[in-house]
Amino acid sequence: MLKLTVNGKARTVDARPDMPLLWVLRDRLGLTGTKLGCGMAQCGACTVHLDGEAVRSCVTPVSRAVGKQVVTIEGLSPDNRHPLQLAWLEADVPQCGYCQSGQIMAAAVLLREKADPTDEDIDRCLAGNLCRCGTYQRIRAAVHRAAELAAKGGGR
């Protein structure tokens, strides 16, 4: 049994230490907001936070999460009012939506580290998060809008 803290809650899971964190989150804990894309850490659909760092959960062994804080898209905001979530809706970003939770989780780390990112900052941060629908322009606009909302104290 492994003890994890996921979205602020202590959880105990029966899993092998080398099981990918993604499978524990989705299959053992029912947190299906985090998606499986490529399974090789190449697309970013599975991005979650591990002690505040954006990690690819498809290649992160669950043992690495023991004793750390895991945050998934479900835990980003208790009421789905994180500035990124609000901006995503305002900018009508998602098409198929498959990559969106990974995009938002990666962007959340960027905004925490840089409150007013440039286009280049956003492009660099999200370069490893692929969107098969090609919504990159709207993603960039939403990150800028989220930065504005956060600066005004919006969201959360």
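Predicted model: local features only at pLDDT ≥ 70, side-chain atom pairs only at ≥ 80, totals over all residues.
Five strands form an open sheet in the order β2-β1-β5-β3-β4, and their pairing is mixed. Strands β2 and β4 (53-56) stand at the edges. Each of these two has a single partner strand, so one side of each is left without a neighbour in the sheet. From one strand to the next, the twist averages 40 degrees.

Within this sheet, β3 and strand β5 (residues 69-71) run antiparallel and are joined by two bridges. To find a bridge in the structure, look for His-49, whose bridge partner in β5 is Val-71. The sheet also has a helix packed on it: α3, which covers residues 100-113. Helix α3 touches β3, β4 and β5, and its direction makes about 35 degrees with that of β3.

Most residues other than glycine have a negative phi. Asn-7 is not a glycine, yet its phi is positive, at about 55 degrees. This residue is found in the loop between β1 (2-6) and β2 (9-13). How accessible is Asn-7? Its relative accessibility is 24%, so Asn-7 counts as partly exposed, given that this class lies between the 20% and 50% cut-offs.

Ala-41 also has a positive phi, near 60 degrees, and is likewise a residue other than glycine. Its place is the loop between α1 (21-28) and β3 (47-50). With a relative accessible area of 26%, Ala-41 is partly exposed.

Finally, we turn to Asp-119, which lies in helix α4 (residues 119-126). Is Asp-119 buried, exposed or partly exposed? Its relative accessible area is 30%, and therefore Asp-119 is partly exposed. Which residues does Asp-119 contact, leaving aside its neighbours within four places in sequence? These are Arg-140 and His-144. With His-144 there is a polar contact from side chain to side chain, at 2.6 Å. Another way to follow the fold here is through the C-alpha atoms: those of Asp-119 and Ala-141 are separated by 8.9 Å, while the two residues are 22 residues apart along the chain.

How values were computed
Residues numbered from 1 in each chain as written. Heavy atoms only, no water. Helix = DSSP H or I, 4+ residues; strand = E, 2+ residues; numbered from the N terminus. Buried < 20%, exposed > 50% of the residue type's maximum accessible area, 1.4 Å probe, protein only. Contact = heavy atoms within 4.5 Å. Polar contact = N/O pair within 3.5 Å; in protein donor to acceptor, adjacent residues only side chain to side chain. Pairing = 2+ DSSP bridges. Axes fitted to C-alpha atoms, helices over the stretch in contact; angles between N-to-C directions.
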